[in-house]
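Welcome, and please take a moment with the sequence and the model below.

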Amino acid sequence: QVQLIESGGGLVQAGSSLRLSCAASGGSLSPYTMGWFRQATGTEREFVAAITWRGGSILGADSVKGRFTMSRDNAENSVYLQINSLKPEDTAVYYCAASTPYSRARESDSDYFYWGQGTQVTVSA
């Protein structure tokens, strides 16, 4: 069974950048649509980005478009989320998740079946 482990979060200043990583063990991620979600304290989980097995990606809310980029490296069995121009409102736990193989990018967390433990991103003003 696939285990996902996020890393790369931390405490950063507004305007800086982070690259979050999601590494898998127990199986190959290459066929799967992968996603990033985030959840701020006291809020619902929010879709951030998704990428298909072909490498096509989509982004979620307007707040992340233009600043976030998702990518994958099948040789490393990992996916990534590059976040630029971080804002305090980006503060959240960021989760990596795996959906179904050989399918389209998906935005609903109900379509994802394997989840990492999350990595905390905190952005100070």
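A charge counts as sitting over a ring if NZ of Lys or CZ of Arg is within 6 Å of the ring centre and within 35 degrees of the ring normal. Arg19 is placed over a ring face too, that of Tyr80, with 3.9 Å to the ring centre.

A word on the source: this is a predicted model, in which local features need pLDDT of at least 70 and side-chain atom pairs count only at pLDDT 80 or more, while totals for chains, interfaces and linings use all residues. Residues are numbered from 1 along each chain as its sequence is written, and side-chain values use heavy atoms, with hydrogens and water left out.

## The aromatic rings

How many aromatic pairs does the structure hold? There are six aromatic pairs. Rings of Phe, Tyr and Trp (its six-membered ring) pair if their centres lie within 6.5 Å; planes under 30 degrees apart count as stacked, over 60 as edge-to-face and the rest as tilted. Strands (E, at least two residues) and helices (H or I, at least four) are DSSP runs, numbered from the N terminus.

Phe37 also pairs with Trp115: the ring centres are 5.1 Å apart and the planes stand at 50 degrees, so this pair is tilted. Since Phe37 lies in strand E4 and Trp115 in strand E10, the pair ties together parts that are 78 residues apart in sequence. Ring pairs join Phe37, Phe47, Tyr95, Tyr112 and Trp115 into a cluster.

| Residue | Relative accessible area | Class |
|---|---|---|
| Phe37 | 1% | buried |
| Tyr112 | 4% | buried |
| Trp115 | 27% | partly exposed |
| Ile5 | 42% | partly exposed |
| Asp90 | 1% | buried |

## The fold as a whole

The protein has zero helices and eleven strands. Its radius of gyration is 13 Å, close to the 14 Å that the globule rule gives for 125 residues, so the protein is as compact as a globular protein of that length. Here the radius is taken over C-alpha atoms, and the rule is 2.2 Å times the number of residues to the power 0.38. The C-alpha trace spans about 40 × 25 × 25 Å along its principal axes.

Of the 125 residues, 42% are buried. Contact means heavy atoms within 4.5 Å. Among contacts between residues at least 6 apart in sequence, 59% join residues at least 24 apart.

## Strand E8 and its neighbours

Strand E8 (residues 78-83) is mostly covered, with five of its six residues buried. Two strands pair if DSSP finds at least two bridges between them. Strand E3 (residues 18-25) pairs with E8 in the antiparallel sense over six bridges, and Leu18 stands opposite Ile83 in E8. Strand E7 (residues 68-73) and E8 are likewise antiparallel partners over six bridges; there Thr69 has Gln82 of E8 as its bridge partner. E7 and E8 form a hairpin with four residues between them, and Asn77 in the turn has a positive phi of about 55 degrees.

## Two residues to look up

Ile5 is found in strand E1 (residues 3-7). Leaving aside residues up to four places away in sequence, Ile5 touches Ser21, Cys22, Ala23 and Gln117.

Where does Asp90 lie? Asp90 is in the loop between E8 and E9. Not counting residues up to four places away in sequence, Asp90 touches Arg38, Arg67, Phe68, Ser85, Val121 and Val123. From C-alpha to C-alpha, Ile5 and Asp90 are 20 Å apart in space, and 85 residues separate them in sequence.

How values were computed:
Buried means under 20% relative accessible area, exposed over 50%, partly exposed in between (1.4 Å probe, protein chains only).
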